[in-house]
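These are my notebook entries on a single structure. I set down each item that I looked up, in the order in which I took it up.

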Amino acid sequence: MTTLFAQPYDITANGFYFDSVEDYNENAEKNRNSAGCQVEEYELQFIDGESIDAALFRALDVNQANFGAFLEACEEWDITQKQKVIIAVGECGYSFDLQSGDPDDFDIDLYELDSLKELAEQFVDEGLFGEIPTSVQNYLDYDAIACDLGFDYSETEIAGTRLIYRCA
């Protein structure tokens, strides 16, 4: 479960924790400042939940207008979809609308590997560079291949998971 905090911009009012749209609406309706006026504007903060969801929260700049869609995404999206959106928005500079966007629309090659050298080895094993006899594979310079892959692929870490990606 993801828990957020609504911090009022009005310094004479108190904030509140919430984990659903209904909970937010109920608390926001009751929340008053020291003059008795209803508080209308809040900064939302990620408090508790999965670390991948915290990274998604930061990447999408969650606010009062889209937090409901964010909470829904936390529940419905799988880890790969979350990783794609975080990379697309945070690393590749794409925009994403939480209300209408689909994480599967991003054309991102994503590999859960520790280094570009591992990606080079995987590509050779998969035959991406053509048929290479196993007796010759021992003589390949995987560091040089990794260096070349570095022109198209980048490395990042999201929620403790190392990823290699390429934005198309």
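**Salt bridges and their surroundings**

I began with Asp143, which at 48% relative accessibility counts as partly exposed. The model is a predicted one, and I read every value below as computed from it.

I then looked for the partner of Asp143 and found a salt bridge to Lys117, at 3.8 Å from N to O. Lys117 belongs to helix H5 (residues 116-125) and Asp143 to helix H7 (residues 142-149), so the pair joins parts that are 26 residues apart in sequence. Lys117 is partly exposed, at 35% relative accessibility.

I noted that the structure holds 5 salt bridges in total. A further one of these brings together the side chains of Asp53 and Lys82, at 2.6 Å from N to O. Asp53 lies in helix H2 and Lys82 in helix H4, so this pair ties parts that are 29 residues apart in sequence. Are these two side chains buried or exposed? Asp53 is buried, with a relative accessible area of 3%, and Lys82 also counts as buried, at 5%.

I also recorded the salt bridge between Arg162 and Glu155, whose closest N and O atoms are 2.8 Å apart. Arg162 is partly exposed, with a relative accessible area of 27%; Glu155 is partly exposed at 38%.

**Helix H4**

I checked its length: 12 residues (79-90) at 1.5 Å a residue should span 16 Å, and the end C-alpha atoms are 16 Å apart, which agrees. At the start of the helix, I found a side-chain oxygen of Asp78 within 3.1 Å of the backbone nitrogen of Thr80.

How many of the residues of H4 are buried? I noted 9 of 12, so that the helix is mostly covered. Among them are Gln81, Lys84, Ile86 and Val89. The buried residues pack against helices H2 (51-60) and H3 (67-76), and against strands E4 (108-111), E5 (154-158) and E6 (161-167).

**Positive phi angles**

I turned last to the backbone. Most residues other than glycine have a negative phi, and I therefore looked for exceptions.

Asp61 has a phi near 50°, a positive value in a residue that is not glycine. Asp61 sits in the loop between H2 and H3 and counts as exposed, at 57% relative accessibility.

Ala159 likewise is not a glycine, and its phi is positive, at about 55°. I located Ala159 in the loop between E5 and E6. Ala159 is partly exposed, with a relative accessible area of 36%.

Conventions
Residues are numbered from 1 along each chain as its sequence is written. This is a predicted model: local features need pLDDT of at least 70, side-chain atom pairs count only at pLDDT 80 or more; totals for chains, interfaces and linings use all residues. Side-chain values use heavy atoms; hydrogens and water are left out. Helices (H or I, at least four residues) and strands (E, at least two) are DSSP runs, numbered from the N terminus. The expected span of a helix is 1.5 Å times one less than its number of residues. Buried means under 20% relative accessible area, exposed over 50%, partly exposed in between (1.4 Å probe, protein chains only). Contact means heavy atoms within 4.5 Å. A polar contact is a pair of N or O atoms within 3.5 Å; within protein, one must be able to donate a hydrogen and the other to accept it, and residues adjacent in sequence count only if both atoms are side-chain atoms. A salt bridge is a side-chain nitrogen of Lys or Arg within 4 Å of a carboxyl oxygen of Asp or Glu.
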